[in-house]
Amino acid sequence: MIARRSTGAATATGRPPNRRRVPLTAYLFVLPAVVFLAATVLYPLVFNIDLSFRDAGLRQIVTGDADFVGLDNYAEELANPDFRSALAISLIYTVLSVGVSFACGLGLAVFLNKTFPGRNLMRSLLLIAWVLPTVVSANIWRWILDGTYGLLNTVLGGLGLLDKGVFWLVEPTSALISVVTATVWSTAPFAMILLLAGLQSIPETLYEAARIDGAGPWQRFSRITVPMLRPVSMTVLLLLFVTTFKTFDTIYLMTRGGPGDATTILPIHAYLEAFQFFRFGTGAAATTVMLLIPLALSLFYFRSLRREEAS
Amino acid sequence: MRIPRAWLSSVLGIALAGVYVVPVYWMVATSLKQPGDVFASPPDLIPSPVTFRAYADSVLNSSGVLRGLLNSTIVGIATTALTLALSLPAAYGLARFRLRFVNTFLLLFLVVQMIPAINLALPMFVIFSRLDMVNSYTGLVLANCSLAVPLAVTVLRPYFLTVPGEVVEAATVDGCNQWSAFLRIALPVSVPGIVTVAVVSFLGAWGEFVFALALTTKEEMQPVSVVLAGLTNAFGTRWNDVMAVSAVVALPIFLAFLFLQRFVVGGLTAGASKS
């Protein structure tokens with residue numbers, strides 16, 4: 001049963017899609033998703049900001065009569081050594097992970113851009129790590145890094161690099177290195193895929209011309225690959241930063257933010273504040289501040305993108 | 001000298017792939033060991049004897065894990081259904097019509113994907129507490145869809161852009177209205193994209209952890225990701241059991257990976273419009 005409506009006649013005369021005649025039904029296609037996201041994303045975000053101005057503990061959560069306290073929660077959080085430490089650790093963890101992940105991703109992309117037997121299989125295998133749920137990979141890492149029976153200590157011991165077991169997740173520095181490693185393991189294949197697509201879009205003729213002019217492999221890489229890869233690199237770096245900055249599962253499962261607070265990044269701090277100490281007001285303030293960093297970065301990114309397009 | 005060099009690359013490739021295969025292998029190998037063999041030093045690289053005891057003990061005979069698997073399945077299927085119901089028309093509308101604010105919408109959908117889950121989980125917990133929706137499937141599904149819908153629209157829109165405008169035009173001339181043109185023409189030719197989004201939505205909800213942790217406080221409502229996180233504390237050093245549950249949680253991802261790769265290739269060759 002095809003319902004007959006007159007909207008067809010209007011669009012049939014012009015070339016599709018047509019700016020002048022957008023049927024009203026067109027907006028109805030988009031409306032449900034927009035209303036849904038307004039309710040499940042926009043409303044919670046606004047609610048969260050409102051919550052950050054209130055003294056909200058567990059009792060007030062249920063009754064809903066939390067007192068307005070202005071900027072008290074923000075003042076409290078910014079003066080809180082735990083928050084400051086979480087902010088610092090967040091930035092260290094994110095910058096380290098993004099840097100190493102980008103370098104590994106680029107190396108893998110350059111490597112996989114060549115043809116050799118087994119290349120496609122290898123690319124598929126790397127992608128499995130990217131799609132593996134972080135709850136699973138975090139558990140695997142915990143087991144591999146186990147101080148007494150872990151595979152890593154066995155391998156390093158067998159190679160003569162260690163003479164006694166290292167308790168990787170118990171020492172502050174090695175715990176941070178461990179969570180960075182687990183993060184890079186998951187994110188590097190993602191960087192590789194995007195960078196590989198970028199590499200494959202560079203015209204082969206550029207390399208041929210450079211080769212004729214006598215440029216060596218390093219010169220070809222630094223003079224052609226690097227500048228041609230700049231736009232996609234910017235995108236990859238932004239996406240890596242944004243996804244790494246909001247990491248929760250990997251660290252929560254590997255260290256719970258410990259030892260002490262050595263790996264307590266902002267999302268973990270905000271979670272503990274709200275769901276362990278039931279301080280929802282300060283938790284909301286922490287998450288609101290936390291949101292500013294990726295937001296500022298993406299604004300900067302979109303502006304530089306527009307400037308690049310304009311020039 | 002070309003062939004030896006290519007083979008050198010293959011050797012390096014195997015080493016690099018090992019970095020990714022060995023952890024996954026180690027999970028499976030550990031899950032197939034007897035409890036005592038897990039702590040052998042040096043560890044057995046190949047489990048002998050192979051035993052499925054860990055799967056029997058910690059999955060089949062564990063009501064907590066089975067319940068978690070059931071919860072994750074329900075939440076995953078409902079999240080997929082709602083995500084498709086909302087994102088298919090939205091992605092089609094944004095691809096087919098020159099709506100005002102198209103770029104604004106697309107940018108907003110991108111920005112939403114950058115929001116840390118905890119930023120939504122915290123206020124949602126408060127809102128759901130008042131609506132009595134903590135520990136409910138509805139709450140979990142709404143939370144999962146909040147991040148799944150923007151991703152789905154972003155992935156689906158390019159598929160609908162490839163649907164030739166002439167085909168849809170022809171249908172509207174023949175008396176189809178916009179909705180039946182969408183349902184009868186645009187959807188059937190976009191099946192590869194729809195399947196991709198369905199699988200991504202399901203797996204996203206399946207492995208999701210932050211909402212699951214924040215929005216469920218009762219054990220019987222916890223998705224398997226949270227149950228698994230609880231196991232590592234409760235089991236302490238029973239790594240064969242932890243790895244068995246991990247492998248079961250990872251199984252849908254491996255299946256989807258095998259299935260999707262073939263499907264997408266099939267979808268590419270199917271080509272609905274012959275010109």
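This is a predicted model: local features need pLDDT of at least 70, side-chain atom pairs count only at pLDDT 80 or more; totals for chains, interfaces and linings use all residues.
Q: How many residues of chain A are in contact with residues of chain B, and what makes a pair a contact?
A: In this model, 92 residues of chain A are in contact with 94 residues of chain B. A pair qualifies because heavy atoms of the two residues lie within 4.5 Å.

Q: What area do chain A and chain B bury between them, and on which atoms?
A: The two chains bury about 8,300 Å² between them, and 77% of it is on carbon and sulfur atoms. On the side of chain A, the residues that lose the most area to chain B are F29(A), F36(A) and W143(A), which together make up 10% of what that side buries. Helix α2 (residues 24–52) of chain A gives the largest share of the side that touches chain B, with 19 residues. By class, that side of chain A has 66 nonpolar, 16 polar and 10 charged residues.

Q: How many salt bridges and how many polar contacts join chain A and chain B?
A: The count of salt bridges between the chains is 0. The rule for polar contacts finds 6 residue pairs across the interface, with both residues at pLDDT 80 or more.

Q: What makes helix α7 of chain A mostly covered?
A: Of the 11 residues in α7 (residues 134–144) of chain A, 10 are buried. A residue is called buried because its relative accessible area is under 20%. Among the buried residues of α7(A) are V136(A), N139(A), R142(A) and W143(A).

Q: Why is S246(B) called buried?
A: S246(B) has 0% relative accessibility, which is under 20%, and therefore counts as buried. This residue is found in helix α13 (residues 239–270) of chain B. Leaving aside neighbours within four places in sequence, S246(B) is in contact with V136(A) and N139(A) of chain A, and with M27(B) and L228(B) of chain B.

Q: Why is N153(A) called buried, and where does it lie?
A: The relative accessibility of N153(A) is 9%, under the limit of 20%, so N153(A) counts as buried. N153(A) lies in helix α8 (residues 151–158) of chain A. Beyond its neighbours within four places in sequence, N153(A) is in contact with D146(A), G147(A), L162(A), G165(A), V166(A) and W168(A).

Q: How do you know that the side chains of N153(A) and W168(A) make a polar contact?
A: The distance for this pair of side chains is 2.9 Å.

Q: Why is R256(A) called partly exposed?
A: R256(A) has 34% relative accessibility, which lies between 20% and 50%, and therefore counts as partly exposed. R256(A) lies in the loop between α13 (249–254) and α14 (266–276) of chain A. Phi of R256(A) is near 55 degrees, a positive value in a residue other than glycine.

Q: Is N135(B) buried or exposed, and why?
A: N135(B) is at 15% relative accessibility, under 20%, so N135(B) counts as buried. N135(B) is found in the loop between α6 (117–131) and α7 (137–161) of chain B. Although N135(B) is not a glycine, its phi is positive, at about 65 degrees.

Q: Which residues touch the most other members of the largest nonpolar core?
A: That core has 174 residues, and F280(A), Y92(B), F160(B) and F209(B) touch the most other members. Helix α9 (residues 172–200) of chain A gives the most to this core, with 13 residues.

Q: How many helices and strands does chain B have?
A: Chain B has 13 helices and 0 strands. Of its 275 residues, 55% count as buried. The C-alpha trace of chain B spans about 75 × 70 × 30 Å along its principal axes.

Q: Which residues of chain B does a cis peptide bond join?
A: The cis bond joins S48(B) and P49(B), with omega about -5 degrees. P49(B) is found in the loop between α2 (35–38) and α3 (53–60) of chain B.

Note on methods
Residues are numbered from 1 along each chain as its sequence is written. Chains are lettered from A and ligands numbered from 1 in the order in which they are written. Side-chain values use heavy atoms; hydrogens and water are left out. Buried area is the accessible area (1.4 Å probe) that two parts lose on being put together, summed over both. A salt bridge is a side-chain nitrogen of Lys or Arg within 4 Å of a carboxyl oxygen of Asp or Glu. A polar contact is a pair of N or O atoms within 3.5 Å; within protein, one must be able to donate a hydrogen and the other to accept it, and residues adjacent in sequence count only if both atoms are side-chain atoms. Helices (H or I, at least four residues) and strands (E, at least two) are DSSP runs, numbered from the N terminus. Ala, Val, Leu, Ile, Met, Phe, Trp, Tyr, Cys and Pro count as nonpolar, Asp, Glu, Lys and Arg as charged, and the others, Gly among them, as polar. Buried means under 20% relative accessible area, exposed over 50%, partly exposed in between (1.4 Å probe, protein chains only). A nonpolar core is a set of buried Ala, Val, Leu, Ile, Met, Phe, Trp, Tyr and Cys residues joined through side-chain atoms within 4.5 Å.
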